[in-house]
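Work through the exercises below with the model open. Try each task before reading its solution.

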Amino acid sequence: MVFLRVTGGILLLAGIAALGFDLWQYVQSSGQGISQSTGQGFHLAAAGELWYRLSPGTLNLTHAVTQRYVLPELWDPVLLTVLLWPAFLVLAVPGLVLFALGSLRRR
């Protein structure tokens, strides 16, 4: 139970950090007048975009291993779809679920 709460808490904090970074980038770009001139508004980073920023090698390795050795159909459409979702949701939702499961008390 403790493992689920700790893992859920870490994922939840990572999701909040991803959302905070997206908000910070928006504030920085709007303060410089970039968003008004280009017509771009608030942008939520996709999970794949965040993963690529943090570690492009592991993203490419995961892609290759999944398609060659695991199951090609698992990469496209399943994992590719998840990588296109907003990063904060991909991190925070499983974090909330794991935290909630870890908080359930046995009777």
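**Exercise 1: the nonpolar patch**

Leu61, Val65, Tyr69, Val70, Leu71, Leu74 and Val78 make a nonpolar surface patch of about 660 Å². This is a predicted model: local features need pLDDT of at least 70, side-chain atom pairs count only at pLDDT 80 or more, and totals for chains, interfaces and linings use all residues. Residues are numbered from 1 along each chain as its sequence is written, and side-chain values use heavy atoms, without hydrogens or water.

Task: find which helix gives the largest share of the nonpolar patch.

Step 1. α4 and α5 each supply at least two residues of the patch. Helices are DSSP runs (H or I, at least four residues), numbered from the N terminus.

Step 2. The largest share, four residues, comes from α4.

Step 3. Val65 lies in helix α4. Val65 is partly exposed because its relative accessibility is 34%, between the limits for buried (under 20%) and exposed (over 50%), with a 1.4 Å probe and protein chains only.

**Exercise 2: Gln67 and Trp75**

Task: list the contacts of Gln67, leaving aside neighbours within four places in sequence.

Step 1. Apply the contact rule, heavy atoms within 4.5 Å. Gln67 then touches Pro72 and Trp75.

Step 2. Check from the other side. With the same exclusion, Trp75 is in contact with Leu59, Thr62, His63, Thr66, Gln67, Leu80 and Leu83.

Step 3. Classify Gln67. Its relative accessible area is 34%, so Gln67 is partly exposed.

Terms used: Patch = residues over 30% accessible without salt bridge, like charges linked within 9 Å, V, L, I, M, F, W, Y side chains within 5 Å. Areas by Shrake-Rupley, 256 points an atom, 1.4 Å probe, with all protein chains shown as cover. Salt bridge = Lys/Arg side-chain N within 4 Å of Asp/Glu carboxyl O.
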